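Here are my notes for someone opening this one for the first time. Have a look at the picture, then go through the points with it beside you.

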Amino acid sequence: MTNEALEKRARELGFDRVWALRPIYAPRRRVNRLNANVADDPEALAPGTQTVILLLKGYAPYREAAENGRGAMISAYYAASNQAYAAAKALARELREEGWHTLSGAQIAIKPMMAQYGLGLEGYNTLIAVDGLGSRFHAQVILTDAPFAREPLPEVMCTVDERCRGCRACARVCPVGAISDAGVDIEKCLRARSEGEFIPPELRPLYENRLLGCEICQNACLRNACETREMPADVSESLELGRLLRGDLGALADEIGRNYARKTRIRVKAAMLAGNLRRADCMGELKELLRSDSERESEMAAWAIRQIEGKETT
């Protein structure tokens, strides 16, 4: 496969950017519990790697309609992530059919890699932005021994987005004060907690009606001027809280992928949202969830019931 064929095929699979890069050691500036298990060196993951294929899939955020105030919302990032993961696996499979070794879904530190290659600029909220996509994209990496012609490294690498200097819009809107001159405090960030971890009672109301994801800082970022889009109707219907509490995920699982759409994870978050929105009409489902064998489900259901009854003080 030539570079031209690679780019053409990647775009056919739905990617907006594709680069063939030589492997480099790109150490993280910050190591935290979310990125502790990723690698800084592609060859440590896949010895013999000659090319790092970096693929970006952009996305437009869902438009939050007024009527969604009584239901759940998800970030469109999760749909982009699900689609990009499947597309990268398909591309890697095609390369293997040509006789090359490949590793898709590589757990590699993408942000420092992009910065060292000069492919994006890090903002005040530590997210990388790319011209034309802003910071609204999902990245996939394929490591391969296929000898593509590779992009040269820039002579001068700039890692800080000058547009962020003096702005601080993301820091001002963050409801937990996770963004500062020191970077992002992962222990505070709502997005970092939103995928299966225990959520302390004092933080639960801050999620409002967000089932998955928090894009508050991205929504405020001047680098993200882009159109919004309507959520697919079948996905919107699947986000009705009563359905989610019963474990009926409908089209949601296909939209965001089975990993994110784990029934216990979704029911715990749905119970939290029912409490936040004071959804008395979900009381039956919440009381049923109290009898769950999952301690996480029953605890969150009890909290939500107290919220609805006005007995929760946090």
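1. Start with Cys 167, which counts as partly exposed at 21% relative accessibility. Keep in mind that this is a predicted model. Cys 164, on the other hand, is buried, because its relative accessible area of 13% falls under the 20% limit.

2. For Cys 164, the nearest cysteine sulfur belongs to Cys 221 and is 5.8 Å away, so Cys 164 is in no disulfide, given that the sulfur atoms would have to be within 2.5 Å. Cys 167 is in no disulfide either, and its nearest cysteine sulfur, that of Cys 164, is 6.5 Å away.

3. Now the aromatic rings, where you will find three aromatic pairs. One of them is Tyr 77 with Tyr 78: the ring centres are 5.6 Å apart and the planes stand at 85°, so this pair is edge-to-face. Both tyrosines are buried.

4. Tyr 78 also pairs with Tyr 260, again edge-to-face, at 4.7 Å centre to centre and with 90° between the planes. Where do the two sit in the chain? Tyr 78 is in helix 3 (residues 77-97), while Tyr 260 is in the loop between helix 10 (252-256) and helix 11 (263-276). That puts the partners 182 residues apart, so the pair links distant parts of the chain. Tyr 260 is buried, as is Tyr 78.

5. Elsewhere, look at Trp 303: the charged end of Arg 204 sits over its ring, 5.3 Å from the ring centre.

6. On to an open sheet, whose four strands come in the order 1-2-7-4 and pair antiparallel. Strand 1 (17-21) and strand 4 (102-104) stand at the edges with a single partner strand each, so one side of each has no neighbour in the sheet. On average, neighbouring strands are turned by 15° against each other, direction ignored.

7. Strand 4 and strand 7 (residues 137-144) run antiparallel and are joined by three bridges. Ser 104 stands opposite Ile 142 of strand 7.

8. Which helices pack on this sheet? Helix 1 (residues 3-12) does, touching strand 1 and strand 2 (51-58), and its direction makes about 145° with that of strand 1. Helix 3 packs on the sheet too, touching strand 2, strand 4 and strand 7, with its direction at about 20° to that of strand 7.

How values were computed. Residues are numbered from 1 along each chain as its sequence is written. This is a predicted model: local features need pLDDT of at least 70, side-chain atom pairs count only at pLDDT 80 or more; totals for chains, interfaces and linings use all residues. Side-chain values use heavy atoms; hydrogens and water are left out. Rings of Phe, Tyr and Trp (its six-membered ring) pair if their centres lie within 6.5 Å; planes under 30 degrees apart count as stacked, over 60 as edge-to-face and the rest as tilted. Buried means under 20% relative accessible area, exposed over 50%, partly exposed in between (1.4 Å probe, protein chains only). A charge sits over a ring if NZ of Lys or CZ of Arg is within 6 Å of the ring centre and within 35 degrees of the ring normal. Two strands pair if DSSP finds at least two bridges between them. Axes are lines fitted to C-alpha atoms, for helices over the stretch in contact, and angles run from 0 to 180 degrees between N-to-C directions. Contact means heavy atoms within 4.5 Å.
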